[in-house]
Amino acid sequence: MRACRPVLASALFLWAAAASAAPLVQNGEFAAAPEGWQTDHAAYRFVDDDGFRAPGCIRFTGPAPERSDGPWQAIPVRPHTEYVLAAALKSDGTLKPSVRVCREADRQVVAAAEAPQARPDTWTYVLVRFNSGPEERLLVVLTAATEAAPEGARACFDDVAVLLPGEVPAGQPVQGGFVARPPGENLARGCPVTFSATPNYPYSTDPDDPKQLTDGEYSAGYFWVQKSTVGWSHTSPVLITIDLGQVQPIAGVSYNTAAGVAGGGWPTAIFIATSDDGETWHLAGDLAILAAKNGLPPADRYSVYRYVTGELQTRGRYLRLGIVPQGGYTFCDEIEVYRGQEELLAREPAGEIVTDLTARGEREPTRSGIFWRLTTDLAATRAAVENATLPEARREALRARLAAIEKAIPDLPAPDPTTFKTVFPLNDLHARLLAVHASLLRARGLPAFFVWKKNRYDFLTPHEAPAKAPPPPTLSVEMMRGEVRAEAFLLTNASPRPVTAVVKLQGLPGAPRPKWLQVAAVPWTDTSHRVPVAAALPPAAYREGGFVVPVPAGVTGKVWLTIDSAGFKPGRYQGALVVTGVGRPIRLPFRLRVSPVQMSRPRLSLGMWDYTDGRGNYGITPQNRDAAIALMRSHGVDTPWAGSGVLPWPQAEAFDERHQLKAPLAFPASFAEWIRRWPDARQYFVFAAVGRGFAGATIGTPEFHGRVGSWAKALAQQMRDLGLKPQQLGILLVDEPHQDEHDEIVAAWARAIKAAAPEITLFQDPVWPRPDQTRIQEAITLCDVICPNLPIYYEGGEPVARYFAARRAAGQRLWFYQCSGPARLFDPYRYHRLQAWHCFRHGAVGMGFWAFGDTGGGKSSWNEYATAGTPFTPVFLSPDGVTDGIHWQAVREGIQDYEYLAMLRDAASRPANARLRAQAEALLAEAPAAVIGDYRSSYDWKQESDRTQADRYRLRVLALLEKMR
């Protein structure tokens, strides 16, 4: 076999630093005017009165357009060498300044030093580890913000440097998985690697993948589009085995990866196992936990991070990593194995014997997730304590509390992943950690307990609070009769103990517990991508005349109100919610107006690829299926989906010589059962997943055409036999066709079905970037419903918009769908609610989201730590239940918004007052564009956004409808 080539001298040389080395960044301390820096942007200026350690710095003052880079310079670097980017940063709180290291050729970012959240106008010193990859020159660029900066916005830069690891000041924390010196020589350099599954991520896969993880070369630029990176999509776990050539003493290992955007998440677990013979494997630990001593990667932005440990102290010829991804993707560009002391060879291999790392990957991610959350929150809380304005004695007391928590984290027992929920606090230790923030809130002068408000769809963080406690907010809802709308308010608990608040309704019909009101105490839950959200809507417990809302110490909780106006008479209603928590009760005025305008059943169709046929699919089970269907129906789903198993699939002998069925088809019982589960559905869609043949015949032959046609007639008759119209049956032949071969199949089936049973609905979701330029147009034109992916539709621009407008003019029905994730981190306003506004704007009559039941492979939405794939469901599914969610309510509100607009369009088409009709037409032209704004396919919930426009225009439409009655 090929011998491995351990590298000692060169590795230590690259990690060490020469004391006399000249600085790579020239004039990074800005001791004088910015000599050595190039700039063409006047918003960045040298000042000598505001520096970090010395007076000089670079100050940015807005305004400036989007992506306005500031001063930059090129620096020489050694290829494939570890460096640390250092910078002092300051902002007024409106900008997020960064110093970036970029490739010279295309300015792709290699590393970025960004200041974590800190007090405004306070310097923060940031160090970030990176590898130069194959580059010999890199650019250092100062950037005040990636988005447009408003007038007067300020940011400052100072002490910019690129250091070798040995030059990093002792005790300074470094982001990115940094160790100042490797634990030993790299034993893995040049050693053969095998994979449990072939790498399949298209932008990084190449024939050299098996060599690239031990070739000593790191990627530079956007990580997963580099050929030097190895990637897997939807493979869990990924097992990577390195043959070191002989039994070696092993001190540690490192694994270099990236995540943070585009659905890429940090590994849930990275199991390490060693073996002397390749048959008996000893578990050495979880690298995701062991590497935490070097810091953790950020949960909220793109970053390259190196998981590294020197604490294995084991031996083996073979080393295996079992990577359990979050988000469905696994990426790596280099693995190093570090030599330990020779005495390790005489010891018995450490760790329990494991026979199945795959099974281990199903159990352990929950423990890793808890460890991650506690460790991450501990680091954030420490930073918050240091940035807070506190007496030093109080600060020292909080430090001691945090030190005690840190000491206890490693001893936490592993929970049962089948019953564990990521509801905050995760455990008693987490509750103690969250409670530290209560002291910080009180130090800001906030009261122990208060009520405040944001837009119900705005993103919220667990410790978020206003600068000062506002007066109790007024709650207000205005709606048609027969619709469901929501309102919300926030409770901040700055007291040292958890509070069980009680919310009582007074002065409104049916009080204190009316049927028209649902109250949810929104819990904080962690997600697969480690960003906590307040999104689940479990009904609040009711006792002693009020709704119970628990709020942990130091946390802001949300109360969500769902109002159903069906039983109301038109009019204005006034009352109050009285909140009892700490101190005196807080009274929130509650105003409800119910319009005389009646909303009937919304006309915009909704399908969620729910697959509630048979025993269910994805997260739909026999135990939760009925509740899931009820929740879908209550939110507007009128087009259920089933898999191909509900349809009969006859063999060749079922047809005569004229290619007609000899006898009636025997339909699976699941077909009628599925129909019965969805009474009053408008349509019943089936994903048939067809191919190039049917019943022994191949597309393009008379046999195929005749047999498919006879089969289609039988489908139409079955619908009639069930008391339904054949048009209500929809068939998706091939999902997301994007190749000529796919279109050839669709067109052949469509010709046969339309020739024999034209009343059957054919549904198609093409993902061609330019469907107007496809070769086989019948694959689209023969279908009744065409459903493009919304982002792809917009990417196609005006030509694609004209094409689908022409298809609508030809009589085809337009739908839109989206299938991006993780849905829990998507803005429920822009992604879920506004899709209906896109539908109205472009004449679509239906829409869908993938998918109601897709939990990302996890058994429960309540424990996304155990989820290897990307969760898409807008609700919270467990094997035996389903809970509503904010994202799912946003879908329903969007459908109702569409109906508002459609009703106004109907009113404008009728004879009426000419002035009012003109106002209606003008509002219909204005509203969709104003609400949608400039379309962006990025739906990050954390992004600042105006989420008031949909309600503002909805109420304008309602006011005009009332005038036109």
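What is the order of the four strands in the open sheet, and in which sense do they pair? In this predicted model, the order is E20-E22-E29-E24 and the pairing is antiparallel.

## The open sheet

Strands of a sheet pair through backbone hydrogen bonds, either parallel or antiparallel. Here the edges are formed by strand E20 (449-452) and strand E24 (517-522), each of which pairs on one side only. From one strand to the next, the twist averages 25°.

The pairing of E20 with strand E22 (residues 484-493) is antiparallel and extends over four bridges. Phe450 stands opposite Thr492 in E22.

## Helix H17 on the sheet

The sheet also carries a helix: H17 packs on it and touches both E22 and strand E29 (556-564). The direction of H17 makes about 140° with that of E22.

## Packing of H16 and H17

Two packed helices are described by the angle between their axes and the distance between the axes. For helix H16 (residues 835-842) and helix H17 (residues 886-909), the angle is about 25° and the axes lie 7 Å apart. Angles under 35 degrees count as roughly parallel, and H16 and H17 are therefore roughly parallel to each other.

On the H16 side, the contact is made by Ala836, Trp837, Cys839 and Phe840. H17 contributes Gly894, Ile895, Asp897, Tyr898, Leu901, Ala902 and Arg905. Classified by residue type, this contact of H16 with H17 comprises eight nonpolar, one polar and two charged residues.

Conventions:
Residues are numbered from 1 along each chain as its sequence is written. This is a predicted model: local features need pLDDT of at least 70, side-chain atom pairs count only at pLDDT 80 or more; totals for chains, interfaces and linings use all residues. Side-chain values use heavy atoms; hydrogens and water are left out. Axes are lines fitted to C-alpha atoms, for helices over the stretch in contact, and angles run from 0 to 180 degrees between N-to-C directions. Helices (H or I, at least four residues) and strands (E, at least two) are DSSP runs, numbered from the N terminus. Angles under 35 degrees count as roughly parallel, over 145 as roughly antiparallel, 65 to 115 as roughly perpendicular and the rest as oblique. Contact means heavy atoms within 4.5 Å. Ala, Val, Leu, Ile, Met, Phe, Trp, Tyr, Cys and Pro count as nonpolar, Asp, Glu, Lys and Arg as charged, and the others, Gly among them, as polar. Two strands pair if DSSP finds at least two bridges between them.
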